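Please look at the sequence and the model below. The paragraphs that follow go through some of its strands and helices in turn.

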Amino acid sequence: MFQKVLFGCTLLITILLYLFLNGNLQLMKDPLPPLGKFLNPFGGAWTSDTKDEKSNINLDIYGLKDKVEIIYDERRVPHIYAQNIEDALFAQGYVEAQNRLFQMEFLAMAASGDLSSIIGNKTVEIDLEKRRRGMKYAAENATKGWEKTNDYNSTFRYVDGINAYINSLKKEDFPLEFKLFDFEPTTWTPLKSALIFKQMSLTLAGRNDDIENTNLLYHLGKEDFAKLYPEKQSIENPVIPLEKPYSFDTLMGKPQDTSAFYKGAILNDYYENRNKGIGSNSWAVSGSKSASGKPIFCNDPHLSLGLPSIWFEVHIHTPEFNAYGVSFPGFPGIMIGFNEHIAWGETNVGQDVEDLFHIKWTNKDRTKYMLDGKETEVTYRIEEIKIKGSKTIIDTVKYTYWGPIYKKSNDGNHDLAMRWLCHDEPDMDEYNAFVDAMKCKNYDDYLKATGRYISPAQNFGFAANDGDIALRVNGRFPAKYNQDGRFVEHGDQTKNNWNAWIPRYQNPQIINPARGFISSANQVSADKSYPYYFTGKFERYRNRSVNNKLTEMAQITPKMMQEMQQDAFSYKASDYISMIAKNINTIDLSPSENDFFAKLTKWNFQYNAKDEAPTFFDLFYKKLQENTWDELAALKKSMDINYPEAWRLLELIESDPNNKFFDIKDTPDIENAKSVVLKAIKEAAKSIEERKKEDKGNTWGEYKPLHIYHLTRIPAFSAMDISANGCPDAINATGYSFGPSWRMIVSLEDQVKAYAVYPGGQSGNPASKYYKNMVEAWTKGEYFTLNIHAKLEDIRKNQTQSITINPVK
């Protein structure tokens, strides 16, 4: 009892301070949450304890085909035992709502642009961006397409399970955050599940560099742009290694005429930047490289970490299949997991499926635009944004042939429409990919089950205990050539649109490669001989670490794979320090600078939280960028641009040291690569000395701690200032608030063995011991054994809660 009271008092003080310091009190601007209701002893925060996690539950449900039993184990993983897939999905919906209802509701509201209705003015711009991007429009189109498919009603029994839990709640049982923000959960619908799916699509496939590249090409000219921003490295490790030439009988689509590219500067602040680190690792080794003689499959998706956790761990058992893994709360099926025959997982492809088109208006009101030589009327979507404590905002979003006008320029000369694949109405049951995967027994099954998946495109990794390992770049892609999609294009000709899709069988893919492993770390999908044009965000360093390690390893065990997932080595750091050692003469350095230099050159390039060398390198690289790209920094003040990638900067230092961009314009001297590197060393060493004077820690964990924020950023509900190993360029890709969100290793022996961990806990209740109980284990690199083989009677022996769902005829 004392702990509950202490928690409640601490929580109240934290929330009051949080609201005050962030300007949420009525006396400042925004309304204070109704603390009278929040502190009500009969229905407020005091009733938000963990009783829902302890008492056994019996339910009688109309429409259920057979009895379902759910047993929670010691980590609050639900083990669902059902007699058919529909009842199993109903139970999955129920347990996800039981543990993550606020998270699900919040994510659906975030996707639809409705956060301001519960938070107030602070989220208006976020909501406006989601409305203008067409997120709810995309979700509505998704449900329209899904409703036309055969399995829609059976799969979305999942929704009925969510609503069964919601309908069982009394007001005093609402999760804590509902009381804090004074709103109630509403009936769950397939549209809400579609919104959550589109939110993930936005994270993984809602990006482009069209504006940046257009601005850079215009200001730098073709020659300098090509030199600074090449799309291909001289040596690459594509996701799909080339074992035989691509020889397609027919290529789809046709090359884009370069006259379609918009030429000019786009000055308005437009681009919604994405954090580096949105990606993943996935690999599998064949039996020829493992100690057991059977494949081992590994996956660790890197996403923005959060509390409640991104993933929900679940075990689903029916007479047809026995599957274990993680789901994305609010969407049916297991996205990353395994059964008794196969293991599967995904990494992000990074291919650009979002293009921008410049609109040529024909009237001052911007209601008509040119298209194929004719005036064309826009259509309108009226968006009402309710704001807690303020008046409702009415925003009229204009839709064109291409899609919504995502953001308007002040003068109308730079209005851009968005063509986004995720807006399209699906023509197949893409939602079933992660449901059908649970039933697969071999690669042929898996190809069929996932062959209807559309977007966001993923590298689908696979391994089976029959010995197969495979990897497919999976999803729908427009057939493009000749830099089509790299720049903003003119929107006055429909011929500039995508004119064909790449057939699924022409997507890069491989099964049982000769090298004995498959791997993906978000690098480019295929080598230079692949006939279609790929543009997007691709990783340049992690893939080298993964491929080099797997090439050298033999007699691999799950323990070795665990150690590999923890590896914090950076080839970026290694490459740059090698260059520094060759170019810097220590006689040019002061004693403190020599200490700095020695620390760098003796470093093992591991981003360990307790080491200072990673901090030194990070400061050096920042100074190197600032000094090299001073001309681009000036442009960045008035328009959106990107700096050249790290690998290209290093190539220029080593191959073209007198390149004009190494000259710093604000100095009378003419600098070259060597002098810029030396200047960066000196300035970084000075920064370290300044940090010491300010009593700031210089270890990597002190310099860049990891933060796992609650959805609402309330500190008391978050895990802050975690000293963690890793960096974005390492296999253990951590940084600020992102990292490996689910580390999984599956040894596909005759009896499958699996291990995993994620940085959080199963419960969404901040008062629960299961809320963030695995953060420490995740930080330490520890794993839990995943018990897929346990029988119902064995699970009962250590159960923490049971739920029995009975059918009512």
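Strands here pair if DSSP finds at least two bridges between them; helices (H or I, at least four residues) and strands (E, at least two) are DSSP runs numbered from the N terminus. The model is a predicted one, in which local features need pLDDT of at least 70 and side-chain atom pairs count only at pLDDT 80 or more, while totals for chains, interfaces and linings use all residues. Residues are numbered from 1 along each chain as its sequence is written, and side-chain values use heavy atoms, with hydrogens and water left out.

Strand β5 also pairs with β25 (residues 738-740), in the antiparallel sense and over 3 bridges. In that pairing, His302 has Pro740 as its bridge partner. His302 in β5 also stands opposite Gly279. Strand β4 (residues 279-285) and β5 run antiparallel and are joined by 7 bridges. How much of β5 is buried? Of the 9 residues of β5 (residues 296-304), 8 are buried, so the strand is largely enclosed by the rest of the structure. Buried means under 20% relative accessible area, against over 50% for exposed and in between for partly exposed (1.4 Å probe, protein chains only).

The buried residues are Val124, Asp127, Leu128, Glu129, Lys130, Arg131 and Arg133. An α-helix has 3.6 residues a turn, so residues three or four places apart point the same way. Just after α5, Gly134 takes a positive phi of about 85°.

Next comes an open sheet of 11 strands with mixed pairing, in the order β1-β29-β2-β3-β7-β8-β9-β10-β18-β19-β21. Its edge strands, each pairing on one side only, are β1 (57-62) and β21 (509-511). From one strand to the next, the twist averages 15°. Within the sheet, β3 (residues 78-81) and β7 (residues 312-317) pair in the parallel sense over 3 bridges. His79 has His315 in β7 as its bridge partner.

Helix α13 (residues 443-450) lies across β10 (342-348), β18 (458-464), β19 (469-474) and β21, and runs at about 15° to β19. Contact means heavy atoms within 4.5 Å. Axes are lines fitted to C-alpha atoms, for helices over the stretch in contact, and angles run from 0 to 180 degrees between N-to-C directions.
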